[in-house]
Amino acid sequence: MTLASCDCLIPHSDCYSIKKSRPFTPAPFLGFGADTKKTPPNFKLGFSDCRPACLNFKIRREWALRAITPVGDEVPTTQQVAEVPTEIAPSTQFHTNFNFLPKPLSATTPSSDGANYRVAYQGIPGAYSETAAIKAFPQSVTVPCKEFEAVFEAVERWLVDRAVLPIENSVAGSIHRNYDLLLRHRLSIVGEVQLKVNHCLLGLPGVRKEELTHVVSHPQALAQCKIILNELGVTKVNAVDTAVAAQMVGSEGLRETGAIASARAAAIYGLDVLEEGIQDNSDNVTRFMILARQPIIPGTEGSYKTSIVFTLQEGPGALFKALAVFAMRSINLSKIESRPQKMWPLWVVDDSNKQGAKYFEYLFYIDFEASMAEHRAQYALGHLQEFARYIRVLGCYLKETL
């Protein structure tokens, strides 16, 4: 998705001119505070005398840190980590006869070999998130966690090396909770995984799908398979996860109840696949993000994607100006997501003592297709800094295609 540049845009020089006074206060950028009286804007971007330093690695390691001026949703997590225990689901809660399932690991020195990574995901074995983790790290040890928050904390506490979390689905849309958690935690996006969802109707061995009276699964899975469920005339039962639904049917021996889950879940919990690919939309894809404690150092070769979050001062054309800095440099935007700030969600404009109009203050999440090692990406963020109140780079990573 790109914006065509238009004549009304004021041309912006990618070589900053340093002035003694500026009519605006630039936003803190890439983890650094802004001091316009002492530090010219080109130095804050890693530039020297208007000549970009292509790979200033010392500065690059700070990309994923937050700006000194926080936004409303950004809550320091140092105390949270000390007060809230990480809840990693023990294997004894899955199925009493499956001791081979992965167990939570203690905090030890993380392996430097990617093949031996410990990778956290939300759910239990057989969940689609586990499948995505295995796709990203085939030789890794997967660590199940009960909640999304626990996945973030597991990485921060050094219990795991990486985390794989869903960020959006082509049918159901974005997972807003994980967008909010990205801002509350200090982790970096270092990769992505795209997984094609293949919903299967599962049942106990020997059971035919016509014998089912109930089908249990996650609400989204039930909604995505409503055609076949309506044909069978079954009662839909909600579960917290597709793999939990399969575990319930297998462990409790519910012959008249089926589950919608993955084929991997059927193999783990001793169920038969009664029918495969039952989703209404065959193009059902979920995109997962890979999180780590430190950002990667991007290069200029390969197809990179950069994820950022920023806020804008309300005003005519504010978002248009923000998006135009990418269009002017032929940078494609692959995703735009807005989330209202939770601590200060509204601001009021009073017009001549009448009832004021209320507006949401938004956080804008953007993915653009360029590496932070490219000059055009650095110039675009430098231009965005001029009218953004806050900017944070969430990660720069190689994009994946199915």
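**Exercise 1. Work out how exposed glutamate 149 is, and which residue it pairs with.**

Step 1: Glutamate 149 has a relative accessible area of 26%. Buried means under 20% relative accessible area, exposed over 50%, and partly exposed in between (1.4 Å probe, protein chains only). So glutamate 149 lands in the partly exposed class.

Step 2: Look for its partner. Glutamate 149 makes a salt bridge with arginine 177, with the closest N and O atoms 2.3 Å apart. (A salt bridge here is a side-chain nitrogen of Lys or Arg within 4 Å of a carboxyl oxygen of Asp or Glu.)

Step 3: Arginine 177 sits in helix α6 (residues 176–184) and glutamate 149 in helix α5 (residues 148–156), 28 residues apart. Helices (H or I, at least four residues) and strands (E, at least two) are DSSP runs, numbered from the N terminus.

Step 4: Arginine 177 has 33% relative accessibility, so it's partly exposed.

A quick word on the model: it is predicted, so local features need pLDDT of at least 70 and side-chain atom pairs count only at pLDDT 80 or more, while totals for chains, interfaces and linings use all residues. Residues are numbered from 1 along each chain as its sequence is written, and side-chain values use heavy atoms, leaving out hydrogens and water.

**Exercise 2. Trace the salt bridges of glutamate 192 and find the network they belong to.**

Step 1: Glutamate 192 meets arginine 287 in a salt bridge (2.9 Å, N to O). Glutamate 192 is in strand β7 (residues 188–196) and arginine 287 in strand β13 (residues 285–292), 95 residues apart.

Step 2: Are these two buried or exposed? Glutamate 192, at 6% relative accessibility, is buried, and arginine 287, at 9%, is buried as well.

Step 3: Glutamate 192 also bridges to lysine 305, the closest N and O atoms being 3.2 Å apart. Lysine 305 belongs to strand β14 (residues 304–312), 113 residues from glutamate 192. Lysine 305 is buried too.

Step 4: Bridges with shared partners join Glu168, Glu192, Arg287, Lys305, Lys335, Glu337 and Asp367 into one network.
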